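Hi everyone, thanks for coming.

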Amino acid sequence: MGQKVYDSKAWQLLRQAYYDSQHGICEWCGSPGDIVDHIEPITSENVNDIWITLNWENLQLLCLSCHNKKTFRKHFAIREGFGFDENGDLIVSKT
Ligand SMILES: [Zn+2]
């Protein structure tokens with residue numbers, strides 16, 4: 001999903017420009033980061049919508065650790081009671 005976007009020249013240029021604009025610093029924790037993330041995630045519905053995929057306002061620069069936190073939080077929301085710890089291991093909350 002979103003593979004074509006990430007392969008496109010336009011994305012490569014935008015990604016690099018955004019990375020440079022943030023000086024390679026994670027916007028969440030201030031550590032060096034190199035993941036240009038879409039705040040509004042790309043889905044099969046919006047993958048051809050350049051206002052999502054190539055929108056400067058929809059980007060944030062994250063380090064791997066913060067990117068994982070964002071991704072895992074989403075899993076928490078989807079499956080109540082399940083989540084991931086800092087190492088990425090599956091945990092089941094005892095409720
Ligand atoms: Zn970070």
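This is a predicted model: local features need pLDDT of at least 70, side-chain atom pairs count only at pLDDT 80 or more; totals for chains, interfaces and linings use all residues.

Okay, the overall layout. The chain has four helices and four strands. Reading from the N terminus, the order of the elements is α-α-β-α-β-α-β-β. There are 95 residues in the chain, and buried ones make up 28% of them. The accessible surface comes to about 6800 Å², with 55% of that belonging to carbon and sulfur atoms. And if you take the contacts with a separation of 6 or more, 52% of them are between residues 24 or more positions apart.

You'll find N46 in the loop between β1, residues 35–38, and α3, residues 50–53. So is N46 buried or exposed? Its relative accessible area is 11%, and because the cut-off for buried is under 20%, N46 counts as buried. What does the side chain of N46 reach? It gets to the backbone nitrogen of T43, at 2.8 Å. Leaving out residues up to four places away in sequence, N46 also touches P41, I52 and T53.

Keep I52 in mind, as there's another asparagine to look at, N58. This one sits in the loop between α3 and β2. N58 has 8% relative accessibility, so it's buried by that under-20% rule. A polar atom of the N58 side chain lies 3.0 Å from the backbone oxygen of I52. Again not counting residues up to four places away, N58 touches D37, H38, I39, E40 and I52.

Three of those names come back when we go to K70, which is in helix α4, residues 64–78. K70 is a lysine with a relative accessible area of 15%, which means it's buried under our cut-off. Its side chain and that of D37 are joined by a polar contact of 2.5 Å. Beyond its neighbours within four places in sequence, K70 is in contact with W28, D37, H38, I39 and Q60. Take I39 as an example: K70 and I39 are 31 residues apart along the chain, and their C-alpha atoms are separated by 9.6 Å.

Next, the metal. Which residues coordinate the zinc ion? They're C26, C29, C63 and C66, each through its SG atom, at 2.2 to 2.4 Å. Along the sequence, the spacing of these donor residues is C-x2-C-x33-C-x2-C. What's the geometry of the zinc site? Tetrahedral, with angles of 106 to 118 degrees among the four donor atoms. For reference, the ideal angle for four tetrahedral donors is 109.5 degrees. C26 is buried, at 3% relative accessible area, whereas C29 is partly exposed, at 42%.

From there, let's go to the nonpolar core. The largest one has nine residues: V5, W11, L14, Y18, V36, I42, V47, L59 and L61. The biggest contributor is α2, with three residues.

Two last stops. A10 is in helix α2, and at 39% relative accessible area, A10 is partly exposed. A10 and L54 are 44 residues apart in sequence, yet 7.7 Å apart in space, C-alpha to C-alpha.

And then H23, in the loop between α2 and β1. Its phi is near 55 degrees, a positive value in a residue other than glycine.

How values were computed. Residues are numbered from 1 along each chain as its sequence is written. Side-chain values use heavy atoms; hydrogens and water are left out. Helices (H or I, at least four residues) and strands (E, at least two) are DSSP runs, numbered from the N terminus. Buried means under 20% relative accessible area, exposed over 50%, partly exposed in between (1.4 Å probe, protein chains only). A polar contact is a pair of N or O atoms within 3.5 Å; within protein, one must be able to donate a hydrogen and the other to accept it, and residues adjacent in sequence count only if both atoms are side-chain atoms. Contact means heavy atoms within 4.5 Å. Donors are N, O and S atoms within 2.8 Å of the metal (3.2 Å for Na, K and Ca); water is not among the atoms, so sites may look incomplete. Four donors count as tetrahedral if all angles lie between 85 and 135 degrees; four count as square planar and six as octahedral if opposite donors are over 155 degrees apart and all others between 65 and 115; anything else is irregular. A nonpolar core is a set of buried Ala, Val, Leu, Ile, Met, Phe, Trp, Tyr and Cys residues joined through side-chain atoms within 4.5 Å. Accessible areas come from the Shrake-Rupley method with a 1.4 Å probe; for residues, only the protein chains shown count as cover.
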